Structure formats: C-alpha cells, structure tokens
Amino acid sequence: METMETKSVSQVSEKGERRADVIVEAAGRLFFAPGFARVSMDDLARELGMSKKTIYRHFPDKRSLLTAVLDRQFAAVEATMVAAAEETEGRPFGVRVQGFLLAAGSELGRIGAAQLASGRGDVMLRQYVEQRVDAVVYGRLDELFREGHRQGLLATPPELLSEITRGAVERLLSSQLPRELDWTAADLLRATVNTVLHGAIRPAHPDDERREAVIPTARDDEQEVSS
C-alpha cells in the first residue's frame with residue numbers, strides 16, 4: 001500500500017511540474033515579446049487553454065511567474081557563459097575575453113536584458129534582472145580581468161576595463177548602430193572589444209610591442225589553425 005501511495009504522489013508531482021513548465025514557457029513567449037506590459041494573466045490563460053485558477057495554483061501572481069521565466073532565461077545564459085569559457089581555455093588572453101564578450105552580448109541581446117533593466121516591467125523585476133546580469137555575466141568578466149591583471153597581462157586597472165566594457169556592451173544592446181551601419185551586433189561587439197582592449201593587454205613578448213595589438217577575429221583564428 002505504501003508503494004502505491006508513493007507512486008501516486010510522485011505522479012501528481014511530476015504532472016504538476018510539467019504543467020508549471022508549460023506555463024513558464026508560454027509566459028516567456030508572451031510576456032517578453034514587444035508590448036509585453038499589456039499582456040495580462042487572462043491573455044496567458046487563453047493562450048494555454050486553461051483557467052487563471054490553474055495558473056495561480058502554480059504561481060500566486062504575475063511577478064512570481066515572471067521571476068520563474070527569468071530564472072529559466074538566465075540559466076540558459078549561464079550555461080552559454082560556462083561553455084564560452086571552456087571553449088577558449090588555454091587560448092591567448094585577448095581571445096578569451098573576446099569569446100566571452102561575444103557570447104555575453106549574444107545572450108543578453110537574445111533575452112532583451114538591456115530593455116528589461118532600463119524600464120520594462122516593475123521596479124523589483126528590473127532590480128532582479130540587474131542582479132542576475134551582474135552575477136551571471138559581469139561577475140565572470142570582472143574575474144577574467146582580475147586574472148589577466150594577476151598574470152601581468154593588463155596595462156590598465158581591471159576595474160576600469162570592467163566599467164568601460166560593461167558600458168559599451170549595454171549601450172550596444174540598446175543602440176540603433178547595427179541598423180545604421182548595416183553591421184550585425186556581433187560585428188559591432190567584436191570591434192568594440194578590439195577598441196577597448198587595444199593597448200590594454202600587455203604583449204606576451206617584448207618584440208610584440210612594435211606590433212599593433214589587435215585581437216584576431218574568429219575568422220583569423222580559423223586561418224591560424226588551418227595553416
């Protein structure tokens with residue numbers, strides 16, 4: 001009898017988790033689309049074909065549901081950041097920074113972090129977005145710059161590089177430059193990384209001081225590997 005009861009409770013729990021996942025997925029599609037502030041819980045219920053009472057059984061209010069959506073979004077961002085760090089491990093410092101920032105810019109742009117943190121949604125959610133961006137992205141970037149400084153690779157204080165780079169990334173995410181220049185966001189971010197880090201990273205060898213400190217693009221990396 002205990003086994004049957006345990007199995008029953010487990011099935012109910014799994015069904016509830018699946019339903020919660022379905023709600024979160026639909027909420028992500030609706031609430032983070034353009035004009036999401038006008039999307040109501042009634043709209044979500046119609047999209048899901050279920051009653052608001054069922055939704056509230058899993059999420060007591062819209063804020064708690066949005067928080068769950070953000071948690072899922074930032075879990076994906078964090079996974080990408082970890083993967084980017086692993087892919088460039090052992091590479092030159094500039095290549096590691098570039099790879100990290102390109103991944104960060106792509107992910108933050110995908111979830112609309114700049115817009116979320118600068119006016120969309122309520123104050124508590126904006127603060128939550130800022131905290132998650134700090135922890136998932138910029139905390140890792142700060143540590144990467146500190147590591148470069150400890151290794152004697154930076155000619156600029158890591159704190160200054162962090163501030164400059166963060167400002168550049170956030171500005172680009174909300175800028176119209178990609179459209180005006182007919183560049184992709186990745187192209188602009190790569191150019192920004194080159195500009196910000198030019199002269200900031202110490203050359204690996206004294207002879208390199210006479211060379212221009214330009215971080216290679218992904219295409220350059222591929223040519224080096226194939227040559």
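What follows goes from the overall fold to the salt bridges, and then to other sites.

Modeller: A caution comes before anything else: this is a predicted model. The protein chain has 11 helices and 0 strands. Read along the sequence, its pattern is α-α-α-α-α-α-α-α-α-α-α. Of its 227 residues, 36% count as buried. Among contacts with a separation of 6 or more, 66% join residues 24 or more positions apart. The chain exposes about 13700 Å², and carbon and sulfur atoms supply 52% of that area.

Now the salt bridges. The whole structure holds 13 of them. Side chains of opposite charge can pair when their charged atoms come close. Start with Arg-29, Glu-25 and Glu-47, which are linked in a network of salt bridges.

Arg-29 forms a salt bridge with Glu-25, and the closest N and O atoms are 3.8 Å apart. The cut-off for a salt bridge is 4 Å, so the pair counts at 3.8 Å. Both residues sit in helix α1, 4 residues apart, which means they are separated by about one helical turn. Arg-29 is partly exposed, at 45% relative accessible area. Glu-25 is also partly exposed, with a value of 47%.

Arg-29 forms a salt bridge with Glu-47, with the closest N and O atoms 3.4 Å apart. Here Arg-29 lies in helix α1 and Glu-47 in helix α2, so the pair ties together parts that are 18 residues apart in sequence. Glu-47 is partly exposed, with a relative accessible area of 44%.

Helix α2 takes part in a further pairing. Asp-42 forms a salt bridge with Lys-52, the closest N and O atoms being 3.1 Å apart. Asp-42 belongs to helix α2 and Lys-52 to helix α3 (residues 52-58), so this pair ties together parts 10 residues apart in sequence. Asp-42 is partly exposed, at 35%. Lys-52 is partly exposed too, at 31%.

Next, the nonpolar interior. In soluble globular proteins, nonpolar side chains tend to be buried together. In this model the largest nonpolar core has 50 residues, and Phe-31, Leu-44, Leu-65 and Val-137 touch the most other members. Several helices each supply at least two residues of this core: α1 (2-31), α2 (41-48), α4 (62-87), α5 (93-111), α6 (113-117), α7 (123-150), α8 (158-173) and α10 (185-197). Helix α7 gives the most, with 10 residues. Helices α1 and α2 are thus on both lists: they supply core residues, and Arg-29 and Glu-47 tie them together.

Two buried sites are worth a look. Ala-113 is found in helix α6. It is buried, with a relative accessible area of 4%. Leaving aside neighbours within four places in sequence, Ala-113 is in contact with Leu-108, Val-129 and Val-133. Its C-alpha atom is separated by 9.9 Å from that of Phe-74, 39 residues apart along the chain.

Thr-88 is found in the loop between α4 and α5. At 12% relative accessibility, Thr-88 counts as buried. A polar atom of its side chain lies 3.1 Å from the backbone oxygen of Ala-84. Beyond its neighbours within four places in sequence, Thr-88 is in contact with Val-95, Arg-96 and Gly-99.

Last, the surface. Leu-177, Leu-181 and Trp-183 form a nonpolar patch there, with about 260 Å² of accessible area together. Leu-181 is found in helix α9 (residues 177-181). It is partly exposed, with a relative accessible area of 42%. Another leucine, Leu-160, has its place in helix α8. Leu-160 is partly exposed, at 43%. The C-alpha atoms of Leu-160 and Asp-142 are separated by 10.0 Å, and these residues are 18 residues apart along the chain.

Back to your request, then. The network joins Glu-25, Arg-29 and Glu-47. Its link between Arg-29 and Glu-47 ties helix α1 to helix α2. The pair of Asp-42 and Lys-52 ties helix α2 to helix α3.

Notes:
Residues numbered from 1 in each chain as written. Predicted model: local features only at pLDDT ≥ 70, side-chain atom pairs only at ≥ 80, totals over all residues. Heavy atoms only, no water. Patch = residues over 30% accessible without salt bridge, like charges linked within 9 Å, V, L, I, M, F, W, Y side chains within 5 Å. Areas by Shrake-Rupley, 256 points an atom, 1.4 Å probe, with all protein chains shown as cover. Salt bridge = Lys/Arg side-chain N within 4 Å of Asp/Glu carboxyl O. Buried < 20%, exposed > 50% of the residue type's maximum accessible area, 1.4 Å probe, protein only. Core = buried A, V, L, I, M, F, W, Y, C linked by side-chain atoms within 4.5 Å. Polar contact = N/O pair within 3.5 Å; in protein donor to acceptor, adjacent residues only side chain to side chain. Contact = heavy atoms within 4.5 Å.
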